[in-house]
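Student: I've just loaded this one up. Can we talk it through together?

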Amino acid sequence: MSEQPAWHDSPLMKAVRREPVERTPVWLMRQAGRYMAEYAEVRRRTSFIELCRSPELCAEVMLTAVERLGVDAAILFSDLLLILQPMGLGLEYTPGDGPVLHNPIRTAADLDRLGEVRSLDSLEYVFEAVRRTRAGLDERLPLIGFAGAPFTLAAYAIEGGSSRNYAHTKRMMFADPGVWHELMGRIGRSVARLLIGQLQAGAQVVQLFDSWVGCLSPDDYRQFALPHTRSVIEEVSHHGPVIHFGTGNPALIGPMAEAGGQVMGVDWRIRLDEAWSSIGDGWAVQGNLDPTVLLTDPPTIRRHVRAILDQVAGRPGHIFNLGHGVLPQTPVENAVALVEAVHAG
Ligand code: CP3
């Protein structure tokens with residue numbers, strides 16, 4: 001039997017396979033970011049897009065965060081929206097306003113401007129960041145790749161930026177289902193290639209972020225989003241395990257599980273024991289501390305960690321995480337206290 005790399009039996013990879021672990025693995029969505037002084041220092045010299053395009057800096061920023069926090073996994077430093085650039089959209093990160101896409105897709109004619117990513121040459125810098133991060137990372141720690149789920153990326157492409165009601169997105173979905181499904185298909189096939197490329201470059205597992213999906217009803221999710229997410233997960237699963245993360249709507253957990261994958265990522269709007277009862281013990285579950293708890297103090301953080309671990313009640317297959325990304329105003333010491341509290345059990 002060939003010897004497995006050290007990360008194979010890491011707590012996180014064991015939890016992905018629902019094997020028992022000595023201590024619960026923990027990592028944080030957005031664990032490298034503005035709340036960390038070392039990151040802010042890099043950003044003083046470099047724009048966010050330049051940072052994402054520099055494999056060396058991506059690796060540095062993530063490895064620094066992993067070391068500072070003592071987490072059980074690294075996630076690729078990159079961004080959800082970068083894939084929309086080679087597909088034909090103008091992407092800009094404006095300080096204060098968040099990301100802006102300059103020529104959003106609103107009509108069938110606009111769709112001509114959105115090409116599928118077929119060759120991965122345009123995303124080579126992402127794969128190089130995977131290789132560099134993997135090379136610099138402790139061999140016992142897994143590296144997580146990621147991409148946006150088709151719904152969230154389509155909504156960004158259609159709205160052109162953040163949105164309250166997703167009005168353009170839903171209008172297209174309900175009024176032009178043919179255009180909608182064509183758009184989702186192009187995005188989904190591009191995302192599958194991106195994730196497979198990350199796994200081939202050295203990531204051990206990938207996470208699909210459906211950050212905006214919570215605005216859909218279960219029936220609309222099944223009709224308009226599920227088939228595309230299912231195709232992505234089906235393709236990618238031949239190459240590695242998939243964490244499927246959604247936020248905003250606990251009623252979607254059942255429908256999201258129909259898309260497949262190994263780990264369901266949930267936010268704080270559902271209890272973890274209820275999450276398991278809705279989708280069954282065949283799943284690993286990731287989550288789900290409310291990120292605002294990290295704005296309090298270590299005793300409060302420990303109390304919330306205890307409550308989550310009590311809901312898990314020793315089931316195999318729990319990966320501790322926040323229910324959504326670290327907030328920019330989070331004190332780093334509190335993030336460290338969280339990791340320590342999870343490890344203390
Ligand atoms: O988790 C990590 O530490 C890895 C890196 C990572 C980033 N973005 C870096 C980033 C990951 C996994 C993401 C995912 C991402 N990007 C999501 C899904 C997660 C979620 O929060 O729902 C989304 C929706 C995006 C799109 C995006 N990128 C937004 C809305 C913003 C601006 C708002 C914000 O929080 O700053 C970004 C910028 C971004 N992506 C930053 C970082 C560290 C901040 C850039 C900066 O100002 O330095």
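Student: Before we start on the ligand, which residues are the closest to it, out of the 22 that surround it?

Tutor: Keep in mind that this is a predicted model. The ligand's space is the largest pocket. Its shell has 14 nonpolar, four polar and four charged residues. The closest of the 22 surrounding residues are Arg34, Tyr39, Arg43, Ser211 and His324.

Student: How far is a polar side-chain atom of arginine 34 from an oxygen atom of the ligand?

Tutor: A polar contact here needs N or O atoms within 3.5 Å. For the polar side-chain atom of arginine 34, the distance to a ligand oxygen is 2.5 Å.

Student: And how much of the ligand's accessible area does the protein cover?

Tutor: Take the ligand on its own as the reference: it has 870 Å² of accessible area. Of that, the protein covers 87%.

Student: Which residue in β4 stands opposite isoleucine 75?

Tutor: Strands of a sheet pair through backbone hydrogen bonds, either parallel or antiparallel. Here β1 runs parallel to β4 (residues 143–148), and two bridges join them. Opposite isoleucine 75 you'll find isoleucine 144.

Student: Which glycine takes a positive phi in the hairpin of β2 and β3?

Tutor: β2 (residues 91–94) and β3 (residues 98–101) run antiparallel, with four bridges joining them. Across that pair, tyrosine 93 stands opposite proline 99. Three residues lie between the strands, and the one with phi near 95° is glycine 96.

Student: Where is the cis peptide bond?

Tutor: Most peptide bonds are trans. Look in strand β8 (residues 284–289), where asparagine 288 has its place. Omega is about -10° for the bond joining glycine 287 and asparagine 288.

Student: Last one: what is the phi of arginine 18?

Tutor: Most residues other than glycine have a negative phi. Arginine 18 is in the loop between α1 (11–16) and α2 (37–45). Although arginine 18 is not a glycine, its phi is positive, at about 60°.

Definitions and conventions:
Residues are numbered from 1 along each chain as its sequence is written. This is a predicted model: local features need pLDDT of at least 70, side-chain atom pairs count only at pLDDT 80 or more; totals for chains, interfaces and linings use all residues. Side-chain values use heavy atoms; hydrogens and water are left out. A residue is near a molecule or strand if one of its heavy atoms lies within 4 Å of it. A polar contact is a pair of N or O atoms within 3.5 Å; within protein, one must be able to donate a hydrogen and the other to accept it, and residues adjacent in sequence count only if both atoms are side-chain atoms. Accessible areas come from the Shrake-Rupley method with a 1.4 Å probe; for residues, only the protein chains shown count as cover. On a 1 Å grid over the protein atoms alone, a cavity is a set of points where a 1.4 Å probe fits but cannot get out, and a pocket is an open set with protein on both sides within 12 Å along at least five of seven lines; lining residues have an atom within 4 Å of a point. A molecule sits in a cavity or pocket if more than half of its atoms lie within 2 Å of its grid points. Ala, Val, Leu, Ile, Met, Phe, Trp, Tyr, Cys and Pro count as nonpolar, Asp, Glu, Lys and Arg as charged, and the others, Gly among them, as polar. Two strands pair if DSSP finds at least two bridges between them.
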